[in-house]
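Open the structure in your viewer and keep the selection tool ready. The stops below follow one another.

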2 protein chains.
Amino acid sequence: MSDSVDSRNDERPIGVVVLGMGSVGTEVVRILTESADDLRERVGAPVVLRGVSVRDVSRPRAVDPALLTDDPAELVVRDDVDLVVELIGGIEPPRQLILSALESGKSVVTANKALMAVHAGELSEAAARNGVDLYFEASVGGAIPVIRPLIQSLAGDSVNRVAGIVNGTTNFILSAMAETGADYDEVLAEAGRLGYAEADPSADVEGYDAAAKAAILASIAFHSRVTADDVYREGITAITAADLAAAAKFDCTVKLLAICERLNDGGAEKISARVYPALIPLEHPLATVNGAFNAVVVESENAGRLMFYGQGAGGAPTASAVMGDLVMAARNRVYRGRGPLESTYASLPVASIDDVPTRYYVSMRVADRPGVLAQVSGAFAEKGVSISAMRQEGAGEDARLIIVTHRAADRAQSETVAALEEMDAVIKVSSVLRLEGTNE
Amino acid sequence: MSDSVDSRNDERPIGVVVLGMGSVGTEVVRILTESADDLRERVGAPVVLRGVSVRDVSRPRAVDPALLTDDPAELVVRDDVDLVVELIGGIEPPRQLILSALESGKSVVTANKALMAVHAGELSEAAARNGVDLYFEASVGGAIPVIRPLIQSLAGDSVNRVAGIVNGTTNFILSAMAETGADYDEVLAEAGRLGYAEADPSADVEGYDAAAKAAILASIAFHSRVTADDVYREGITAITAADLAAAAKFDCTVKLLAICERLNDGGAEKISARVYPALIPLEHPLATVNGAFNAVVVESENAGRLMFYGQGAGGAPTASAVMGDLVMAARNRVYRGRGPLESTYASLPVASIDDVPTRYYVSMRVADRPGVLAQVSGAFAEKGVSISAMRQEGAGEDARLIIVTHRAADRAQSETVAALEEMDAVIKVSSVLRLEGTNE
């Protein structure tokens, strides 16, 4: 660094501890060791690993055994520690450990989306009170720089919308379903075999993981407090091969999207944060993001549309994001600076999904007789939902009607679907999906 | 911001001056005015416009006339100024003005790629000496956050390659040529009519603009000093409709690329920084970046491949990048911090293009007689260049031979082309382009 020497703490080493040595922690420890010379130059002082906490200290690991401990609480308050890297995951004990570290004047780097999606307020306040950094780039999008660009690069802009594919497991499953025509269960099993889905995949396939990330993205994009509970959420477990096939007929594909949107509800600004599988047009930039890759599209007032793309998970990619935060936090210790913390001054309220304007795609089996179309379209009209496209398929037993609507309040759309389900002419509403990424 | 109040300079306003009121300056002044409330919250103090320098103060502009001056030198040293935004462009007077601002303890935000590509060292040293910020996100990629992610988010990773479409004019021209089949001159004229090309387009079409950006990207990606003169450069003026058509036959398109690469030359690390039009496979992420859009692909050791995409030019998009820098620099004044400056500790040497491994695409008119292929392929073999694909087209007068090579030192490739040009069997070497974005 060409920073002047006078302003820095000479070459006092920066002490780092890593909590948790799973796939990301193992990579962080490796990089700290292998890249020590580069890190020293970039930080302005040596970065020294002071300890690693693991559950089972007897298991052999790629780290000096003397550094291992099963007592993270002791580690995070030690005098020779400047920086705590939390990679345990889950709410507790990470929350208590991070609070304890912050209160002891340590800076913290975490990849913990579940924690940040719920307790960002409490943790940020503790960081601010103690004049230290709290960085969490790795909590969203794995290797992809998206938190820092949103907080810093777009600090002078006004974000209108963030839409992302932020969960690799579900994207792998939906991509494979689109490509092979296979059904959900079959592809999920395959994803498990290949290591793309966990033994209990519910956090991924039910959308909880994406919802946590949506909360984090919405909070920083709109300078407001949004927690996981504020995020409307649907998973992908009900998606069928038929849905993917039908989407293709409309030149669309299906993706699990995390959407954070600024709504202008008659002058009163609100936020929508939601996660659901949606049809998107094949020409949309997110449509070609396949497999375990992630991407986030940001639309802002002045920058227009930006896209960030890369590996959304995995040990080394996530470690790259952790290390970027680590170097910046370490550098701030050396030069006595501090990065920007979260900012929630705008305090925009979160809208109910009922009030969010959405577009629907509805596929139903209908009776094959005159007047059915009039009845069905009447149900939409009654709720004030106008129809954008309609397609009739099959005949007799197999007569199907597919309808795509224009934008209307989600409540009106879902009430229309409920009305269709009650209708004699409608044998079965077989699929309901929202449509995103269109200009209408 | 939830930063604690005790560490900040209370609410002393941050004084800003803007040098130059072209399309970007006009937008910056507009945002400073319209978003004053948001900026105050994000910075932690009011941000106040103290003055704007323009060449002709009598011309009416969207700013309080009392703020206008044609004396920028006076503006940048004023006591009530904390932050100077340089949007004049070119080397002088910006260099002197920025040096003067930095020496007076002001932080500086600039969008000036020509200046940063040549004088980054001198300017960074002045910033370091005076403990102030020098930010230049808007100098590469317009609205796209790429400088900050490279410096900060990838601070703990090792970048191997940066390849980008960083010039909107040439990308508009090449996209239009690919789409319409029209020739270069025709499309250039159209680009001028639509405002995508300047009256004198040479800085764009000859690759100087992209080369300046390549120098900036290479410097930060590889922590080394790379200036515009170090960048090998070819423009797009010789690209023909036939080149685009031929590229399509190889499932490729032609893009003007800025490439920054870490080379391992027998253990000795070097950098390559180069700009030229190249064939890239249609499935490469940069192949679908069309029109005036820009994109940068970064490949690093741990993060793998990342892509950043967005609007590469224009008043409002570029102003978004300037404003992000401005908020961060202003915030640093309030909290007495400093962002990371450039770091050139690695001091890797820049390789000559001669030594860079490249792949060539060579199209030539040849005599239609037996033995020509043997002669031509012999010329490649003689220089140690092996052939990856060959295609023979036409017959008689129109007999053509197209050859795509494997990777070999660029000197060997170019010497082969020179040898072909001397050959009786070769009537004319009609096109020579490099091929990028393949795994071979």
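Where does A:Asp71 lie in chain A? Select A:Asp71: this residue is in the loop between strand E3 (68-69) and helix H3 (72-75) of chain A. Helices (H or I, at least four residues) and strands (E, at least two) are DSSP runs, numbered from the N terminus.

Before moving on, note that this is a predicted model, in which local features need pLDDT of at least 70, side-chain atom pairs count only at pLDDT 80 or more, and totals for chains, interfaces and linings use all residues. Residues are numbered from 1 along each chain as its sequence is written, chains are lettered from A and ligands numbered from 1 in the order in which they are written, and side-chain values use heavy atoms, with hydrogens and water left out.

**Around A:Asp71**

A:Asp71 is partly exposed, at 36% relative accessible area. Here buried means under 20% relative accessible area, exposed over 50%, and partly exposed in between (1.4 Å probe, protein chains only).

**Zoom out to the domains**

Colour chain A by domain: domain 1 (14-142 + 316-335), domain 2 (146-312) and domain 3 (355-435). These bounds come from an automatic or database domain assignment. The centres of domain 1 and domain 3 of chain A, taken over C-alpha atoms, are 51 Å apart.

**Salt bridges**

Select A:Asp80 and A:Arg78. Their side chains meet in a salt bridge at 3.0 Å, N to O. A:Asp80 is partly exposed at 30%, and A:Arg78 is partly exposed at 24%.

Switch to chain B. Pick B:Arg333 and B:Asp82: their closest N and O atoms are 3.7 Å apart in a salt bridge. This pair links distant parts of the chain, 251 residues apart. B:Arg333 sits in helix H12 (residues 315-335), and B:Asp82 in the loop between helix H3 (72-75) and strand E4 (83-86) of chain B. Are they buried or exposed? B:Arg333 is buried at 18%, and B:Asp82 is buried at 4%.

**Backbone details**

Show the backbone at A:Glu92 and A:Pro93. The peptide bond between them is cis, with omega near 5 degrees. A:Pro93 is in the loop between strand E4 (83-86) and helix H4 (94-103) of chain A. Go to chain B: the bond from B:Glu92 to B:Pro93 is cis, with omega near 10 degrees.

Next, select A:Asp251, in the loop between helix H11 (241-249) and strand E9 (252-265) of chain A. Its phi is near 55 degrees, a positive value in a residue other than glycine.

Finish at B:Ser347, in the loop between H12 and strand E13 (357-366) of chain B. B:Ser347 is not a glycine, yet has a positive phi of about 45 degrees. B:Ser347 is exposed, at 53% relative accessibility.

Technical notes:
Salt bridge = Lys/Arg side-chain N within 4 Å of Asp/Glu carboxyl O.
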